[in-house]
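Q: I have a model open and would like to go through it with you. Can we start with the ligand and then move on?

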Amino acid sequence: MNVIMAESAGFCFGVKKAMDMVEEQIEQKGDLPIYTYGPIIHNAEVVRDLESRGVITIKDDEELKKVPKGIMIIRSHGVPKRVNDTLLDMGFKIVDATCPFVKRIHNEVSRQSAQGKKIIIVGNATHPEVEGIIGWCNSKPYVIESVDEIENIPFRQDESYCLVSQTTFNHRKFKDIVEKIAQIGYDVTVVDTICNATDERQRESREVAKRVDTMIVIGDAHSSNSKKLFEICKEECEDTHFIQTLNDLKLELPKSVRLVGITAGASTPNNIIEEVQNYVRVDF
Ligand code: F3S
């Protein structure tokens, strides 16, 4: 069977970096227990594997109070400054795996709000990345998700504003919001902080799905970016399958199928992708 693999399948740069930092800590095998502040990625297989190697996922603040002090790995989404400070005060050693693209937003909002600018964040207020960004602003920021929500911001002529975005926000929607704000004519500095990794993966997966007879999307059932990939591929290729691991793959490929495409969400580890790729290549 011929297989086309989407090159951008699997971990993005930030997630890969965070996973490498966890591996580094495991390899160093120090005396201190290793924790991650929330699941390191949205992939149950990966979290289980790390737990079997001694990495403990802290689920909430109650648990945090009870565990012995150790190394706390901050995941790629980042955390609010107060969480960072609390962890240090409690005596944890922090290993910061915040994606550098997210860290750049923290630095930007921290600097701009310290200069007195009001911060506008384009994104979902309940997403952990946005909660983290909010926590680096020196004054309460505005969070909006649509053009309609612009009217919730009480703009003033005597204020300056700085607008940033959640890294995974939709480019087109961001542009619409920025254009609308420009029309109302206040002093707004726009910093485009959208990361292209998600767009790139979606675009490439669509291209692959267009060319193949059967498409396989690998991702965790709870991962929204994987589900989105499935929808996109299904639009282009009727015979699209969504699986978490090779065990879920129940393909009965008719003889007419010559070309299979594979893509994977941002939280799918390479070993699972390779397993599926080898299986399809050899067994059909
Ligand atoms: Fe970073 Fe972009 Fe991934 S912001 S965590 S590289 S999606």
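A: By class, the shell around the ligand holds four nonpolar, two polar and no charged residues. Here Ala, Val, Leu, Ile, Met, Phe, Trp, Tyr, Cys and Pro count as nonpolar, Asp, Glu, Lys and Arg as charged, and the others, Gly among them, as polar. This is a predicted model, where local features need pLDDT of at least 70 and side-chain atom pairs count only at pLDDT 80 or more, while totals for chains, interfaces and linings use all residues. Residues are numbered from 1 along each chain as its sequence is written, and side-chain values use heavy atoms, with hydrogens and water left out.

Q: Which residues are around the ligand?
A: They are Cys12, Gly14, Cys99, Phe101, Thr167 and Cys195. The criterion is a heavy atom of the residue within 4 Å of the molecule.

Q: OK, helix H2. Which of its residues are buried?
A: In H2, residues 44-52, the buried ones are Val46, Val47 and Leu50. Buried means under 20% relative accessible area, exposed over 50%, and partly exposed in between (1.4 Å probe, protein chains only). Helices (H or I, at least four residues) and strands (E, at least two) are DSSP runs, numbered from the N terminus.

Q: Why are those on the same side of H2?
A: Because they cover an arc of only 95 degrees around the axis. The arc is that of the directions from the helix axis to the C-beta atoms. An α-helix has 3.6 residues a turn, so residues three or four places apart point the same way.

Q: And what covers them?
A: The cover includes helix H1 (13-28) and strand S3 (55-58). Contact means heavy atoms within 4.5 Å.

Q: Switching to Ile71: buried or exposed?
A: Ile71 counts as buried, because its relative accessibility is 9%. Ile71 lies in strand S4, residues 71-74.

Q: What does Ile71 touch, leaving aside neighbours within four places in sequence?
A: Its contacts are Gln25, Leu32, Pro33, Ile34, Tyr35, Lys93 and Val95.

Q: Where is Asn124 found?
A: Asn124 is in the loop between strand S6 (118-122) and helix H6 (128-134). It counts as partly exposed because its relative accessibility is 30%. Not counting residues up to four places away in sequence, Asn124 touches Val130, Glu145 and Gln166.

Q: Last one: how many helices and strands in the protein?
A: There are 10 helices and 12 strands. Of the 284 residues, 48% are buried.
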